[in-house]
Every structure is written in C-alpha cells, then in structure tokens.
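Subject: Structure for your review

Dear colleague,

I am handing over the structure that we discussed, with notes on what was found in it. Please read the notes with the model open beside you.

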Amino acid sequence: MASFDQAEGLRRMLAGPKPRVFTFLSALREDEKSGMLVNLGVSLARQGNQVLMVDARSSENSVGAWLNANLDQTLLDVARQQRTMKEAVKLVAAGLSVTMLARHAWLPPENTRHLSKVFDVAANRADLVIVDSEINLDDSFPLATLDDSELVIQVSADPDMIKAAYGLIKRVSNRLGRRGYGILVSGASEKEARLIYTNMAQAASRYLAVPLHYVGHVPEDEHVRKAAHLGRSVIDAFPKALASLAFSRLAEQLAKTARSTLCAEGVPELGVGLGI
C-alpha cells in the first residue's frame, strides 16, 4: 500500500496542479443565474485569474448565450475531432473565455468518455472553471467528471427558492452520498444570507447528513439589471455599486480557496484537499 501511495503521489506531482472547477446549480430563474455567473466570471478575470466559463445547459438563457459562445463549435465537436480546441473556446475579454459543452443538453453516451478528456484539457488551461449546469432526470450531471467538482447551490431569500435549493441538494446527495455543498445567496443582505445558510445547513445535517458551507452573498441591487440592459457586467458599468463590491469579495474568496487547494494538491502522497 505504501508503494502505491508513493506512486500515486508522484503521479500527482508530475501531473501538476489541477484547476478548481466550480459547478453551479440554481433554484433561481435562468436569467438570474446567468447574470450572477457572468458577473462572477468578470470579477475573477479582473483580479488576474484565467477563467473558463463552460455552458453545460445549452439553453436560450444559459451563460453561453449571455457571452455569445460559439454554438456550432463545442467541446463535443472537439471530442469528435470536428473542431479544434482553439475554435471551441472563445476569448470574451482578457482572462475570460467561454465554451459550450455541446449544442444540446443531452449528450450521446458514446461520446462522453472522449468529451471528459477534452473537458479536462480545456480546464487545465485555466486557473478556475465555472460550469453552468443542471442535473438530469436521473439526478446526474451532463458529464460525470463534474461529480468531483466543487458544487455550489445558488438560492435567494424566497421561501420557495430555499425549498427548491434544498431539493437540489437532496437529489444530488441521494446519488453521490455524503459530500459538501457551497451555498451562495443572491438578493439578500449578509445577515439574511447567513440566516438562510444556517437554517439550510442545520436541515441538511439533520436529515441528509451532508455538510454545507457558506460561499457568500450578493445583495439586491438595481444596478445589476441596469448593467444587463446595457449589455455589460455590473463591475464594468457600475464598479462602486454594492453588487460590484460583493462580486469582487466573492471572486477574491473563490480564487484564494482555489490557490489553497492547488498548494495542497502539490503535496505528494498526502493528497490533502481543502474545502471552500
């Protein structure tokens, strides 16, 4: 066993650090989720990170549509050797790129293994990967490799949304078992967000035996909608708005956590992983 651990540690060291992949699920409307992801991606890029946004939903309002991703040049096309990676990954702005997993949310089973490899190659070119995803009817992700990513659930102060977010956690945990989930609260003050998180964490621990951790919050701010109408991120259009400051703090925290994990993954044999 010792020799196996040493060999595994050496392979990890030679492979180099892996980028942090954050998969976002949401109980909110599509436009609210996509708006949040775009603003978060811009904030991360503005702080010097190389960010890849991956659209795994392929809807009219998913993040790929918001960032004008190439709908006919996807990672699935790369897996089928019909496109190059350069064609499938579109540079949106300095440090920020976007790509589509496929043209449609449903993926042909015969291509998923190659698509996972292509996804890993694309992800390894970035510091952080933000995946706009949803779960299928069987509670699985479009790509199995997302099972190992950091799962973040977006919720709001609306009781129905809280119930829906808890339902998402329950469905995923029924399939994946005990693992952690991050909670990001939109449209709420920090006090409200902390209360929502605490109540959800207590329920998840008691009834599902899964731990939740607080990722952050973004307050209700009219500037977000105004910026979206202008076709810009709130950070670009209104850099001093409350939402802009919140996105900056959130991006800083995610990047800091990612760096901590990369350092931990660089330690051979121990293979210590840090949660958010």
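In what follows, helices (H or I, at least four residues) and strands (E, at least two) are DSSP runs, numbered from the N terminus. This is a predicted model, in which local features need pLDDT of at least 70 and side-chain atom pairs count only at pLDDT 80 or more, while totals for chains, interfaces and linings use all residues. Residues are numbered from 1 along each chain as its sequence is written, and side-chain values use heavy atoms, with hydrogens and water left out.

Overall picture

The secondary structure of the protein comes to 11 helices and eight strands. Of the 276 residues in the protein, 49% are buried, where buried means under 20% relative accessible area, exposed means over 50%, and partly exposed lies in between (1.4 Å probe, protein chains only). The protein exposes about 13900 Å², of which carbon and sulfur atoms supply 53%; accessible areas come from the Shrake-Rupley method with a 1.4 Å probe, and for residues only the protein chains shown count as cover. If contact is taken as heavy atoms within 4.5 Å, then among contacts between residues at least 6 apart in sequence, 75% join residues at least 24 apart.

The nonpolar cores

A nonpolar core here is a set of buried Ala, Val, Leu, Ile, Met, Phe, Trp, Tyr and Cys residues joined through side-chain atoms within 4.5 Å. The largest such core has 49 residues, and those with the most contacts inside it are Leu75, Leu101, Phe119, Val129, Ile169, Ile183 and Leu212. Helix α8 (residues 190-208) gives the most to this core, with seven residues. There is also a second, separate core of 35 residues, which includes Leu37, Val38, Val215 and Phe247.

Leu115, which is found in helix α6 (residues 112-123), is buried, with a relative accessible area of 0%. When its neighbours within four places in sequence are left aside, Leu115 is in contact with Leu75, Leu76, Ala79, Leu101, Leu107 and Leu143. Leu115 and Leu101 are 14 residues apart in sequence, and their C-alpha atoms are 8.4 Å apart in space.

Two strands are said to pair if DSSP finds at least two bridges between them. Strand β1 (residues 20-26) pairs in the parallel sense with strand β5 (residues 128-132) over five bridges, and in this pairing Phe22 stands opposite Ile130. Five bridges also join β1 to strand β6 (residues 150-155), and these two run parallel; here the bridge partner of Thr23 is Leu151, and that of Leu25 is Ile153. On its other pairing, β6 is joined in the parallel sense to strand β7 (residues 181-186) over four bridges, with Ile183 as the partner of Ile153.

Individual residues to look at

Most residues other than glycine have a negative phi. Ser58, although not a glycine, has a positive phi of about 55°; its place is in the loop between β2 (51-55) and α3 (63-66), and at 19% relative accessibility Ser58 counts as buried. Gln81 likewise has a positive phi, near 60°, and is found in the loop between α4 (75-79) and α5 (85-88), but at 74% relative accessibility Gln81 counts as exposed.

Ser97 lies in strand β4 (residues 96-100) and, at 15% relative accessibility, counts as buried. Apart from neighbours within four places in sequence, Ser97 is in contact with Val51, Leu52, Met53, Val89, Lys90, Leu91 and Val92.

Finally, the charged end of Arg179 sits over the ring of Tyr181, 5.8 Å from its centre; a charge is taken to sit over a ring if NZ of Lys or CZ of Arg is within 6 Å of the ring centre and within 35 degrees of the ring normal.

With kind regards
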